[in-house]
Amino acid sequence: MNTDEKYLHLLSNTYPTVADAASEVINLEAILNLPKGTEHFLADLHGEHEAFQHVLKNASGNIKRKVGEIFGNTIRESEKKELCTLIYYPEQKLELIKAQEEDLDDWYRITIHQLVRVCRDVSSKYTRSKVRKSLPEEFSYIIEELLHERTDDQDKAAYVAVIVDTIISTGRADDFIVAISNVIQRLAIDQLHILGDIYDRGPGAHIIMDTLRQYHSWDIQWGNHDILWMGAAVGNDACICNVLRLSLRYANLATLEEGYGINLVPLATFALETYGDDPCTEFIPKELKTDAKMDEKTLALTAKMHKAIAVIQFKEEARIFHRRPEWQMEDRCLLEAIDLKQQTCTIGGKTYQMKDCNFPTLLSDERFSLHSSLTKEEEELMKKLHHSFRVSEKLRKHIRTILSHGCMYNICNQNLLFHASVPLNEDGTLKEVEILGKKYAGRQLMEYTGQLIRAAFQNDTPRELKEYARDYFLYLWCGKDSPLFDKSKMATFERYFLTDRDTYHEEKGNYFKLRDSAEVCDRILDAFGVQGETRHIINGHVPVHAGSGENPIKAGGRLMVIDGGFSEAYHKETGIAGYTLVYHSRGFQLVQHEPFTSQQDAILRGTDIKSTTQIVEMSTHRMLVADTDKGTELRAQISDLKDLLYAYRHGIIKEKRS
């Protein structure tokens with residue numbers, strides 16, 4: 001029996017008769033002619049969970065647009081706003097309405113009919129089977145009946161009215177409204193793409209992860225901040241220090257303490273003992289939330305903790321840089337370049353004045369040269385912090401989720417997705433990067449990097465490879481040829497300690513210098529095997545300065561950069577609060593968001609994120625499932641099923657009739 005025949009025998013177990021196989025062919029052919037599902041692309045969420053959740057709930061303004069189209073001038077703008085808010089936050093909005101509404105049954109009746117109309121619209125591009133799978137079990141039958149009955153048919157109008165009245169009279173209206181609102185949110189987005197950086201800066205990365213764990217269909221292309229947390233979770237002490245330092249820098253300890261149960265008491269104790277008399281001026285955190293002002297005592301303690309972990313970070317990084325000389329990063333062991341007596345630091349043969357030279361934990365060797373060894377107290381502290389990260393079950397669970405849903409890049413429907421860059425030479429050709437004695441470029445570099453990341457988490461990985469993989473998280477975070485960093489250096493030390501601001505400059509890699517070139521983008525797309533006339537690169541990482549006129553659409557439309565700055569830390573810099581790219585059956589739309597106030601404002605006042613939609617590229621025809629990657633898969637399945645039908649009809653394989 002040849003391979004094809006073996007496969008057909010296996011297929012016959014699923015479709016045991018001619019009727020079964022033929023029915024599936026009919027079903028798949030029909031699906032090919034449905035409109036393409038809506039894809040949403042988000043990047044650089046940086047812990048801003050409220051804004052992220054709101055964008056999911058309103059589908060980047062898609063639900064608001066549909067409500068406007070469905071009801072037109074038949075209801076007031078204020079009523080449309082109320083209906084949208086109800087769809088976004090049904091439980092909270094219901095409590096407010098019930099406290100204010102005089103004729104609640106009448107409100108229920110009108111609102112349920114409105115919600116059914118919206119749900120019918122968003123479900124129109126899916127098969128009944130797919131819609132059915134998205135329905136909550138307790139209301140599945142009722143919602144399905146309401147979605148597929150025509151209220152303009154007089155014979156059916158009474159039937160629908162009775163269903164609605166019975167929902168109300170049995171006291172199930174609230175539960176039904178919550179259920180159908182969630183279905184609308186679910187069907188408004190078919191596939192969610194996260195282009196990296198869930199973590200750092202904002203307070204709710206763990207909340208974003210909890211949301212994603214329950215989400216129906218999503219993928220992530222890992223970002224440099226995600227990699228940092230993955231490295232911390234797998235036990236890279238330099239990554240642990242960086243995670244702690246960033247959290248302290250932005251006065252954001254919620255994710256660490258509340259989200260993952262990381263015990264920071266040992267760090268606070270050490271910082272007070274070691275830097276008690278040090279004002280740690282350069283380490284006063286950047287407060288982001290105006291309503292989260294710290295008292296003076298807490299601010300002082302946070303600054304001391306910040307400096308303590310920063311100094312340990314530079315030591316832990318130096319350990320790895322010395323252990324991996326092939327990375328050529330030993331010049332970043334800058335604690336060893338300090339002259340404490342002169343209060344200077346020598347970098348690249350040039351000497352710079354230091355603005356802070358209080359280093360009580362720096363040790364010198366017999367020649368009085370400073371080195372990067374940890375003191376006994378620092379060693380003990382790192383053991384405790386390391387243990388705290390390693391035993392956090394929730395962190396482990398979230399990192400497993402990122403691993404299972406993620407990769408370094410993705411190709412979906414003629415779009416190449418990655419977080420930051422593809423390392424390039426000055427002439428725009430793909431740069432070869434050496435890892436463990438072998439050179440990789442482009443797609444091969446991304447794939448091997450992904451394999452190395454996963455190797456760090458596997459128990460069957462050989463010990464030496466696992467140790468290298470664990471170290472490599474640091475290179476991915478700050479190495480000049482890392483596809484997640486791609487800069488000359490990370491000038492963290494210089495910003496903290498040197499007076500010369502010229503030393504703060506981080507030279508961007510060639511990808512960022514050349515990405516406006518259509519020729520360069522085409523070369524990258526070719527290297528990754530992305531085909532089609534409407535192919536694109538989509539990435540984030542570098543905030544787009546929309547306020548100063550920078551265009552997120554580059555290289556003649558081949559590249560879309562969608563990091564507009566979800567993080568509050570970037571709002572002054574970018575002038576906006578993030579982009580969402582929407583790819584529906586009629587083409588691409590780029591949605592530019594203004595800063596989100598709060599969920600409370602959205603619920604109480606019906607405020608939505610103000611968004612500006614820019615049409616990027618519209619298709620000459622409405623795209624169908626047949627035009628997508630899914631369509632290619634379905635056509636292959638149809639071909640196999642037709643082969644099975646032929647085998648049944650010609651007696652090559654016998655039907656399995658019961």
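In the predicted model, strand β5 (residues 344–347) pairs with β6 in the antiparallel sense over four bridges; strands are DSSP runs of E of at least two residues, helices runs of H or I of at least four, both numbered from the N terminus, and two strands pair if DSSP finds at least two bridges between them. Lys350 in β6 is the bridge partner of Ile347. The open sheet has three strands in the order β4-β5-β6, with antiparallel pairing. Because β4 (338–339) and β6 (350–353) each have a single partner strand, they stand at the edges, and one side of each is left without a neighbour in the sheet.

Overall, the secondary structure comprises 27 helices and 19 strands. Buried residues account for 55% of the 658 residues. Of the contacts (heavy atoms within 4.5 Å) with a separation of 6 or more, 71% join residues 24 or more positions apart. The C-alpha trace spans about 95 × 75 × 50 Å along its principal axes.

Residues are numbered from 1 along each chain as its sequence is written. Local features need pLDDT of at least 70 and side-chain atom pairs pLDDT 80 or more, while totals for chains, interfaces and linings use all residues, and side-chain values use heavy atoms, without hydrogens and water.

Methods:
Buried < 20%, exposed > 50% of the residue type's maximum accessible area, 1.4 Å probe, protein only.
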